Amino acid sequence: MAVDYTTHDGVAVITLNNPPVNGLGLSTRAGIVEGIERAQNDPAIKAIVLTGAGKAFSGGADITEFNTPKATQEPTLATVIKIVEGSAKPVIAAIHSVAMGGGLELALGAHYRVAAPGAQIALPEVKLGILPGAGGTQRLPRAIGLEAALNMIVSGAPVMSEKLADSGLFDELAQGDLAEAALAFARKVGAKEGPHPKVRDRKIEHPNAAGFIQFARNTVAAVAKNFPAPQKCIDAVEAGVQNGFDKGLAFERECFMALVQTPESHALRHAFFGERAASKIPDVPSDTPVRDISQVAVIGAGTMGGGIAMNFINAGIPVTLLETKQDALERGLATIRKNYEATVKKGKLKPEALEQRMALITPTLSYDDLKNADLIVEAVFEELGVKEQVFKRLDEVAKKGAILASNTSTLDVDKIAAFTKRPQDVVGMHFFSPANVMKLLEVVRGKETEKDVLATVMKLARKIRKTAVVSGVCDGFIGNRMIEQYIRQALFMLEEGALPAQVDRAIEKFGFAMGPFRMSDLAGNDIGWAIRKRRYQEHPDMHYSKIADRLCETGRFGQKTGGGWYDYKAGDRTAYPSKVVDDMIVAFSKETNSERRKISDEEIVERLVFALVNEGAKILEEGIASKASDIDMVYLTGYGFPLYRGGPMLYADTVGLYNVERAIRRYAARPNGDAWELAPSIAELAAKGRGFTG
Ligand code: 3HC
Ligand code: NAI
């Protein structure tokens, strides 16, 4: 049973006991009802306290039950809340740590609420693409007022219990022990005659409710254009304001049932679990001991090194920053300071915090200063020879047990590890640019990387607020290996009839933050050029469109040279379609005897996204990624894949692998079809009617 029942001198205490967060799954719900009935039937009981064991009052409905029969099996949460609210004996919710979603809705069904300070109070359903489905949109406005409630419901953001002390939500904020305070409160109200107050009976008072609701609708429209839930939250609150509690509740239920089936909600839940699943490595048990990381060193204070250092400093971990020359060191420090100054200007950092953070950096030119570092992250030039020098030196100076990480994006981590006598301590930490901003961290597991090194880095990633995904060693790891296939297709389509602006527009309409050509202009077209030059040597059999090389030969490296696939004006990042480039593309098609045809937006999206999917499938087959959701997390957090589509692998499942397979086979039979080698697992899963993620 997921609920404990105890009695304390006339008070029954029903304790949710469903670790980790007392999710309100079927057995917990049934347990609450049983507890309430038992207390009703015991004449010695005068009041009932409802609370949660462990680290939460309740994190809400059990999300793992969604879209399964258990979710709608009685007693549903709505039924449980009705029973709690209908109890003749007063029910007091004793709230601590976390009261979210259905957990808060349950508490709102109680007659009284006593809270501990420091509890996170939220209706975060909107973040899962749904709305509070057990009365939250009706009771919260009645408890704390329309404006405050709507803000919480539409943002999903947690509010600390002490901030809500005078909001009308709590009857008491317990200063000492919560259990004792709740028991004392229960005895007090237990002695009173009923009926006890119900939030549903309160009135929503607002001088201009309709005006405020319209304001909320306008505000939300801009930010939530691809997500239906925020508007539905407003609709449900409005229904309650206009038509009263019962009609509002019925409407809320209807919206909930519809939203939980939407692909957007599915995608958001996939991302929620995907993020948590990413930190679990199949053969690294969760109790693997971790190494202590209290001193970090970063080698190289360039574009990446500076950003990487900032991550640790922001988490309060001191960083020693090493460069070869004083001027490079000073440039690196100045860039870090400039970044913090920009944050101060935006009002997001106090000036004194800037100095505190800068003080956590120890700049140095000497490897001797690295001997106390627990983790050393290398971010020097991307040349194996330079990495060799650095790692050999690190092997000499680093203390025993220090983790040696490389931020390489293209080199073989096993080769780098072999430069040391301690390959077990070497790991890839592939940050993305700008490293202080981007959420993604690919953790590259070498063939000898120790499990405790991985466990340590995964834990540290959480501390520095990164989404860490483990990748095996391969060219490009998960993200860049896949993006290469996507870019190949983008370039082939130019040859076959499309222009950069059309390709970008189609994929941006699909939801990508930036299409491949705008992205390439931003990153610098010379980077891809360098990679292709290497490919021509290493894989002369691999077929690329040479159109991008042609562009680079003209010196159009992108924004930094004032022109790339697009034209740019000084001080303006807007991409203007370029007649010169478009003419060059058309001429190139002629030269290569490629017949230009009209390419539909649908084809553009399919070819780009299925190229990712096909390579992703191979990455899974090879064990480079251990699960499909890891690939999706890489794409959602590092490559601007639309969140509401859940990542390439979930998207492929949504389309159906049967359809993905058919499309790939079709493209394989067309010009440039040699780039499509169907991943066997797509055909295998399609034949079984299965997908990557479920
Ligand atoms: N259902 C099922 N599992 C849940 C869950 C939930 N509502 N909330 C958290 N979990 C699980 C996580 O998946 C994770 O599992 P794992 O250990 O196997 O990976 C575990 O609990 C711990 O979660 P975190 O790692 O996130 O732990 P934190 O301590 O950092 O955070 C939390 C705890 C703040 C509760 C955070 O987990 C959270 O935000 N959870 C989601 C809360 C939420 O969205 N609730 C609304 C649910 S929908 C609802 O209630 C519908 C209703 O209106 C009808
Ligand atoms: P960068 O050229 O901006 O910085 C490299 C820095 O390393 C320079 O400041 C240089 O002085 C310093 N350096 C060179 N040799 C050194 C040595 N022996 N000891 C100490 N410092 C030395 O390069 P960037 O872009 O920061 O790249 C660094 C690494 O990060 C590379 O491995 C790169 O592949 C990787 N990377 C780069 C990304 C990017 O978008 N720029 C993204 C992800 C990884």
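Which domains does the domain assignment of the chain give? Keep in mind as you look that this is a predicted model. The assignment lists domain 1 at 3–260, domain 2 at 296–471 and domain 3 at 479–687.

Now turn to domain 2 and domain 3. Taken over C-alpha atoms, their centres sit 30 Å apart. Where the two touch, domain 2 brings twelve residues to the contact and domain 3 brings eleven residues.

How much area is buried between domain 2 and domain 3? It comes to about 870 Å², and carbon and sulfur atoms give 60% of that. On the domain 2 side, look for Thr410, Leu440 and Val469: this trio supplies 40% of the area that domain 2 buries against domain 3, more than any other three residues.

What about polar links across this boundary? You'll find zero salt bridges between domain 2 and domain 3. There is one residue pair in polar contact between them, counting pairs with both residues at pLDDT 80 or more.

Next, see which elements of domain 2 face its neighbour. Two strands, β16 (440–445) and β17 (467–472), are the elements that give two or more residues to the side touching domain 3. Of the elements there, β17 gives the most, with four residues.

Technical notes:
Residues are numbered from 1 along each chain as its sequence is written. Chains are lettered from A and ligands numbered from 1 in the order in which they are written. This is a predicted model: local features need pLDDT of at least 70, side-chain atom pairs count only at pLDDT 80 or more; totals for chains, interfaces and linings use all residues. Side-chain values use heavy atoms; hydrogens and water are left out. Domain bounds come from an automatic or database domain assignment. Contact means heavy atoms within 4.5 Å. Buried area is the accessible area (1.4 Å probe) that two parts lose on being put together, summed over both. A salt bridge is a side-chain nitrogen of Lys or Arg within 4 Å of a carboxyl oxygen of Asp or Glu. A polar contact is a pair of N or O atoms within 3.5 Å; within protein, one must be able to donate a hydrogen and the other to accept it, and residues adjacent in sequence count only if both atoms are side-chain atoms.
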